[in-house]
2 protein chains.
Amino acid sequence: MTDNSNTPRHVADMARQARAAAAGLAVLKPETKNRALEAMADKFTASIDAIKAANEKDLAAGREKGLNAAMLDRLALNDKRIAAMAQALRQVAALDDPAGEIYDMKTRPNGLRVGRMRAPIGVIGIIYESRPNVTADAGALCVKSGNAVILRGGSEAIHSNTILARLMDEAGASAGLPPDSVQLIPTTDRSAVLEMLKLNALIDLIIPRGGKSLIEMVVRESTIPVIKHYDGNCYIFVDESADPDMAETIIMNAKCQRPGVCNAMESLLVHESIASEFAPRIIKRLIESGVEVRGDEAARRIVPEINAATEEDFRTEYLDLILSLGVVPSLDAAIGWINNFSSHHTDSIITRDHDNAMRFLTAVDSSCVFVNASTRFSDGGEFGMGCEIGISTDKLHARGPMGLRELTTSKFIVFGDGQIRT
Amino acid sequence: MTDNSNTPRHVADMARQARAAAAGLAVLKPETKNRALEAMADKFTASIDAIKAANEKDLAAGREKGLNAAMLDRLALNDKRIAAMAQALRQVAALDDPAGEIYDMKTRPNGLRVGRMRAPIGVIGIIYESRPNVTADAGALCVKSGNAVILRGGSEAIHSNTILARLMDEAGASAGLPPDSVQLIPTTDRSAVLEMLKLNALIDLIIPRGGKSLIEMVVRESTIPVIKHYDGNCYIFVDESADPDMAETIIMNAKCQRPGVCNAMESLLVHESIASEFAPRIIKRLIESGVEVRGDEAARRIVPEINAATEEDFRTEYLDLILSLGVVPSLDAAIGWINNFSSHHTDSIITRDHDNAMRFLTAVDSSCVFVNASTRFSDGGEFGMGCEIGISTDKLHARGPMGLRELTTSKFIVFGDGQIRT
């Protein structure tokens, strides 16, 4: 059982318990894991008062610390939010189980059947700063994919996170999960994180979810493989053959529909052969919607009223109603620009030219590359993955939205009937 | 062009050149890459005398340093070995190109077609100790998969490696590869490796090929993701339902056919219900073939003549005609033993029981898990991958034999016709 007191425990002990849990999780039937997730959801619903009482301690401490209203709102758990967390657990239970899936089977000339089986990674550490619901989401996705998880939430949510993790582990164990499948580091002490990041013999993967400085600290300190989730400085390139109406619709959606998220567009490139027509039109629409447009020299020759963009602008994830605009002489110039300045998260081309679409897809070195669609679709749910634990900007193991499959590894499996090597 | 003098160059400059090369490689047609590999092979054949002259410098230095005959033999390049390297390049050219492959395409309810495209990883650093042919093999696999490569070979092969890399890069460039697609660090200075391992902004992946201490140094120092290739302490478990003739044939092959390689069997577990019959029989065959058998207590109760195995024996990759033997009371005991003591490389069960076969496949936490086949099949070629750059004992990105596909990443691609998110 997770220790729910605030007594400091050695993270190495937690990791050893997690490793024992992982061995048990790896051989559970899907229905056992699903039943456990349902039991966790029931437990949340039955424990609303206790959860709110723990959350109230965090809110009181936050008010004392002078957190602003938005931060306090992110921290707050009410009946509706607790119900939503329970609902999210049930949704994860309803997804297909990735563990045990056999694929890529081929028969070799000697009769060996060689293929792969997906398997849980083992023990995953998740380090996060944000809302308490990450405790439930991340815990559920790890358990569903057969992994034991060690959670480390933000200090401002310690009481809320602690009760949520404890309820999950208790309800899970009562429904057949190994104890310690879900653990939360029960202290806000920074040294516990540093200890965790050196446990490469016990923990298989670290996923940091949070700001750039958190992720950089984790990469610097960790001897465990890390999957990073960096910024989304997303580009749209309007090719010379673009349908201008489609381009306008997509740009307005990508910039304005929800500007504060990582898959919102931050920078726009327009092919010079259509810039004198298209740039004034889209700038007008953007300004009408409250967007500040900052242009490069070529853009400002066409629309001199806009502010000047610096090189830094083209590297910036504003998360706000600001847009940098550049004019480029060719598709390849756009590709080069994006590969140099975007954050390799999600970039989209608007074009009617098939060769240009395929060249953009091939040459742009980003996690998600789109043709004729809003960058806002970069999301595990929108991609049909049913969920996501984040959007990896790394190239190894998982790139782009990470779903349950990305929380597994594979092993080669071989079915023989006595083959030997000669 | 690769600098083929021994003048120290900043590895960071090499890495910047490699990154530029990688952008060019990512958009090359398969036939260009294949033509380049053929040109490299031709160049090797045309440069036999120059290669042998460079190799002679390494051999002379090796003799002076007192390398033993086996080490000098590993280092030596003769006409036959140079021809074999050229042939290996042609074989890589003949493989399917993994880059650009589109897969997992699905159509979403809004009409978006969402899927994935394989893409080169970018810049790969390979650090190796062994024979000069690794220069050719690793360079070819990286180029074929669209990656630029920075090679760092062992100091004892510096002259051989330098000329091979230079010939590859020159021949490749003459056939349409970007210059600096294949570079070799032209110094034996250790500080160059340490510099390389910190260039996480320029190099995407490090693959160390060599002994444990080399790999551990790389993991400790690197801020770049590393795919490790550790030992092969491979197990075979003979289940109570095993066909004893099949078990004997497989065990003799796995232990004796080539004992010095990572997929040779090092440890044998036998189910106690058949141990009193099977253990004496297999021990006799093994001893007849010159194998020293070291048994646990239960094994020595059955065959007291064999030496005692320590716990360390069951963790050891002998790479020699030595075998540790244990007797276990159940399938689950065998699984637990293997998960604790094997090196998670390749483990095999001999059984006639379907449930036991499937449980072993699911529960054993190793890169390769076999049913009724010799561990010696753990190999990219035997698995039908056409080649391998090594056998990963890591769980992330690549696990088990790494072929061309494992030298790529993926990106999500989306084909839309104007979709926006609502």
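This is a predicted model: local features need pLDDT of at least 70, side-chain atom pairs count only at pLDDT 80 or more; totals for chains, interfaces and linings use all residues.
Next, let's look at where the chains touch. The contact takes 57 residues from chain A and 57 residues from chain B. On the side of chain A that touches chain B, the elements giving two or more residues are strand 2 (113–120), helix 10 (244–256), helix 15 (354–363), strand 13 (368–373) and strand 16 (408–419) of chain A. Strand 16 of chain A gives the largest share of this side, with eleven residues. Sorted by class, the side of chain A that touches chain B has 27 nonpolar, 20 polar and ten charged residues. Because 100% of the interface residues of chain A are also interface residues in chain B, the copies meet through the same surface.

Helix 10 of chain B deserves a visit too. This helix, residues 244–256, has 13 residues, which at 1.5 Å a residue should span 18 Å; its end C-alpha atoms are 18 Å apart, so the two values agree. Within helix 10 of chain B, the buried residues are M246(B), A247(B), I250(B), I251(B), N253(B), A254(B) and K255(B).

Now for a pair of helices inside chain A. Helix 3 (residues 48–65) and helix 7 (residues 158–174) of chain A have axes that come within 7 Å and cross at roughly 155°. Since angles over 145 degrees count as roughly antiparallel, helix 3 of chain A is roughly antiparallel to helix 7 of chain A. From helix 3 of chain A, the contact is made by A50(A), I51(A), A54(A), N55(A), K57(A) and D58(A), and from helix 7 of chain A by I158(A), H159(A), S160(A), T162(A), I163(A) and L164(A). By class, this contact of helix 3 with helix 7 of chain A has six nonpolar, four polar and two charged residues.

Finally, let's zoom in on one residue, V219(A), which is found in helix 9 (residues 212–221) of chain A. V219(A) is partly exposed, with 16 other C-beta atoms within 10 Å. Leaving out residues up to four places away in sequence, V219(A) touches V226(A), K228(A) and T223(B). P208(A) lies eleven residues from V219(A) along the chain, and their C-alpha atoms are separated by 9.1 Å.

Key: Residues are numbered from 1 along each chain as its sequence is written. Chains are lettered from A and ligands numbered from 1 in the order in which they are written. Two residues are in contact if their C-beta atoms, placed from the backbone, lie within 7 Å. Axes are lines fitted to C-alpha atoms, for helices over the stretch in contact, and angles run from 0 to 180 degrees between N-to-C directions. Helices (H or I, at least four residues) and strands (E, at least two) are DSSP runs, numbered from the N terminus. Angles under 35 degrees count as roughly parallel, over 145 as roughly antiparallel, 65 to 115 as roughly perpendicular and the rest as oblique. Ala, Val, Leu, Ile, Met, Phe, Trp, Tyr, Cys and Pro count as nonpolar, Asp, Glu, Lys and Arg as charged, and the others, Gly among them, as polar. The expected span of a helix is 1.5 Å times one less than its number of residues. A residue is buried if 20 or more other C-beta atoms lie within 10 Å of its own, exposed if 12 or fewer, and partly exposed in between; C-beta atoms are placed from the backbone.
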